[in-house]
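Let's take a friendly walk through this structure, one piece at a time. Keep the 3D view open beside you as you read.

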Amino acid sequence: MPLIKNGRVVADRYVHVLDDAPPPDGIPVIIPAARFLADAAEILHHDASVGVAWPNDRRVAELAPYLDRLALVALVFPTFKDGRAYSQARLLRERYGFRGELRATGQILRDQFMFLVRAGFDVLDVAKPGDVDAFPSALKRYTVFYQAAGEGRTSAARLRLARSSVPITRGPEFATSSELGASLAGRVSR
Amino acid sequence: MYIYDEFDRTLVAERVAEFRDQVGRRISGELTEDEFKPLRLMNGVYLQLHAYMLRIAIPYGTLSSRQLRMLAHVGRRYDRNYGHFTTRQNIQFNWIKLEDLPDAMADLASAGLHGMQTSGNCVRNITTDQWSGVAPDEIEDARIWAELLRQHTTLHPEFSFLPRKFKIAVTAAAQDRAAVKVHDIGLRLHRNGAGETGFEVLVGGGLGRTPFIAKSIRPFLPKRDVLSYVEAILRVYNQFARRDNLYKSRIKILVHDLGAEAFAREVEAEWQHIKDGPLALDPAVVAEIAARFRYPEYARLDDDPPELTQLRKADRRFDAWLCNAVTNHKVPGYAIVTLSLKPEGGAPGDATSDQMDAIADLADRYSFGEIRVGHDQNLAFPHVAQRDLPELWRALDAVGVATPNVGLVSDIIACPGLDYCSLANARAIPVAQELTRRFRDLDLARDLGRLHINISGCINACGHHHVGHIGILGVEKNGEEFYQITLAGRADERAELGTLLGPAVPYAKVADVVEEVVAAYVELRERPNETFIETVKRIGVEPFKERVYATH
């Protein structure tokens, strides 16, 4: 399936290592969660980027100790109606400060692009090739957002206060938002 | 009234454009019905027995006369000249065509109306007391909090694909008119010992096939924390509720399975991480929302003007109407007037486009252009000068919405049932219609006092039968419609589920059985003003059961 990153189709540099075989030398790998947790120290010595495929019924807190050494976390939507990974994505970005590639996999359809990006995903593994072209328009569909999320847009409530020049008594909505915004705007995964 | 600004207007317009594109893709075949389904559901479009059905949100039940005229227009232009007000302060149009939907949505958007949060597995239209802002027993206007929550949960990036639909209700009055104890989250605004206002948080209430009264998980939540606390509840729910079984995926099952204390601990742990983050409410944000609720410039008037007292003596019909349709207002000289959408033989909650137009005109003349929609499927005028009541009564009577039965036995709540709904097992509307004929004698109805009948055409309980004083549930047995009767349920601050009377009875017997139950109550009550539920509470269902099943 095509991978969209920043609105462009990119090649998948990663290889999925499913069985007990050793990760191939020099090639970025995605490891299933159970195997990764069983052997994290060893796997993190791999000589290329390491990513983890994390199921949607396991707490992402378990992954927290390793996040600074992971280049990628792939979360899964078994169907687009199963929204558990939205919570996982926000927790990874906003609570655990994960800055690497956050990849949405599974039934990823154009009508969910906006929700996914707002929840913190920066790479989408799109289910229908025809949906790729819809990415730019899907992200431009809305210009007003009622709530703040980690991806850096300003909520309508803040904009209203700014407009009516009522003094804003709290700080910016999310400390990490500009950094995440920058990461969305064109970082290459390592 | 809540006044939309450019942000609200832009969002609704963008929503229409998105939906137009989605309908276009469905019509061209690019989207399968399966893929289209959740998209249309996020805009309030269902596929019913005969046609698509469009459900429009009426946040916290507040409508302007202009919006009501727009609903009349949609009924006339795209439907069959009527709409159906629901138990969740929404309105539904039952006969709309797929290809007309984008235009209907665009027309609605021009008046600030939309179908967001009326279906799908998201946070649904947030409901409140239909008398918010004018009820004498409220401590503040609950709609401000409903609006803050509405905005926060609309197109939420994390909570638009929840395990199941999610309903939140807010009350700020001593008497709970929002049924908060049968919602996924109930928020009860109250004053603590120190005189501060905050929310009691209840979770896991709900009806359907597994009814539960909500459990209180926090006695007092400061107002600044309401968004973060709701976010914490939703996050726990989104991650841990069951998704393998449609019937076990509501939050009530999660709360029941974990236990309220363990659930509360999960929420509390999650909340500690986010309570002081961006969701902590800035007083300026609350003030900005509150400032966009506009209240009328009331005149200085006295209560009980002479013209009222005179007509009450002169006209029994007026007196009867005044006694049950007119309620005290927080401002002297004013009243809240309920418009009964329960005429004899009518379908509960239905209003024709002509009626909606006429009601909008009357609202302009007598209620500062504002109308309310209640979960009892009636409308209300929230700001009527008492001296105008005689004139207004005649005008409402001419429109057919002054049946003096508000809160009485023929003020029946019913879902659309098998006449419209693809989920239903049995008819609900014809049962309601027949009961309104049986109880057409308004002297009898007044003598019976408060008696709420709720009818659902299936176990999903859209007619809230579990919490009806008399609850009627349609079931299907060997291809025939049968009805289970429950007694003494209630949805208010002392919410309770009704008790089953006995075996289900066939369609043809339902009205007889209800009449029998009511007759038994009249005989068994201790004193004339012992209400129906008080009598059942005192003596149990057994005496009713004996009597009903001895005769039938």
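**A guided walk through two chains**

In chain B, helix α12 (residues 353-366) packs against helix α13 (residues 389-399) at an angle of about 170°, and their axes are 10 Å apart. Angles over 145 degrees count as roughly antiparallel, and so α12(B) is roughly antiparallel to α13(B). On the α12(B) side, the contact is made by B:Gln355, B:Ala358, B:Ile359, B:Leu362 and B:Tyr366, while α13(B) brings B:Leu392, B:Ala395, B:Leu396 and B:Val399. Sorted by class, the residues of this contact are 8 nonpolar, 1 polar and no charged. Please keep in mind throughout that what you are looking at is a predicted model.

The axes of α1(B) and helix α4 (residues 101-109) of chain B come within 9 Å and cross at roughly 175°. That angle makes α1(B) roughly antiparallel to α4(B).

Now let's turn to the strands. In which order do the 5 strands of the open sheet in chain B lie? The order is β6-β7-β8-β9-β10, and the pairing is mixed. At the edges stand β6 (127-128) and β10 (215-222) of chain B; each has a single partner strand, so one side of each is left without a neighbour in the sheet.

Follow β7(B) to see how this sheet is joined. β6(B) and β7(B) pair in the parallel sense over 2 bridges, with B:Thr128 opposite B:Val170 in β7(B). Strand β7 (residues 168-171) of chain B also runs parallel to strand β8 (residues 185-191) of chain B, and 4 bridges join the two. Here B:Ile168 has B:Ile185 in β8(B) as its bridge partner. Are the residues of β7(B) buried or exposed? B:Ile168 and B:Val170 on one side, and B:Ala169 and B:Thr171 on the other, are all buried, so both faces of the strand are covered. A helix belongs in this picture too: α5(B) lies across β6, β7 and β8 of chain B and runs at about 155° to β7(B).

Another strand to visit is β14 (residues 370-373) of chain B. From this strand, B:Glu370 and B:Arg372 point one way, B:Ile371 and B:Val373 point the other way, and all are buried. Strand β3 (residues 62-64) of chain B pairs with β14(B) in the antiparallel sense over 3 bridges, and B:Thr62 stands opposite B:Arg372 in β14(B). Strand β15 (residues 379-385) of chain B likewise runs antiparallel to β14(B), joined to it by 2 bridges, and B:Arg372 stands opposite B:Ala380 in β15(B). Together β14(B) and β15(B) form a hairpin with 5 residues between them, and B:Gln377 in the turn has a positive phi of about 65°.

Let's step back and view chain B as a whole. Chain B contains 18 helices and 21 strands. Its radius of gyration is 23 Å, close to the 24 Å that the globule rule gives for 552 residues, so chain B is as compact as a globular protein of that length. The C-alpha trace of chain B spans about 60 × 60 × 60 Å along its principal axes. Of the 552 residues in chain B, 56% are buried. Among the contacts in chain B with a separation of 6 or more, 68% are between residues 24 or more positions apart.

Chain A has 7 helices and 8 strands. Buried residues make up 43% of its 190 residues. In chain A, residues 24 or more positions apart account for 50% of the contacts with a separation of 6 or more.

Note on methods
Residues numbered from 1 in each chain as written. Chains lettered and ligands numbered in written order. Predicted model: local features only at pLDDT ≥ 70, side-chain atom pairs only at ≥ 80, totals over all residues. Axes fitted to C-alpha atoms, helices over the stretch in contact; angles between N-to-C directions. Parallel < 35°, antiparallel > 145°, perpendicular 65-115°, else oblique. Contact = placed C-beta atoms within 7 Å. Nonpolar A, V, L, I, M, F, W, Y, C, P; charged D, E, K, R; others polar. Pairing = 2+ DSSP bridges. Rg over C-alpha atoms; globule rule 2.2 N^0.38 Å. Buried ≥ 20, exposed ≤ 12 C-beta atoms within 10 Å, placed from the backbone.
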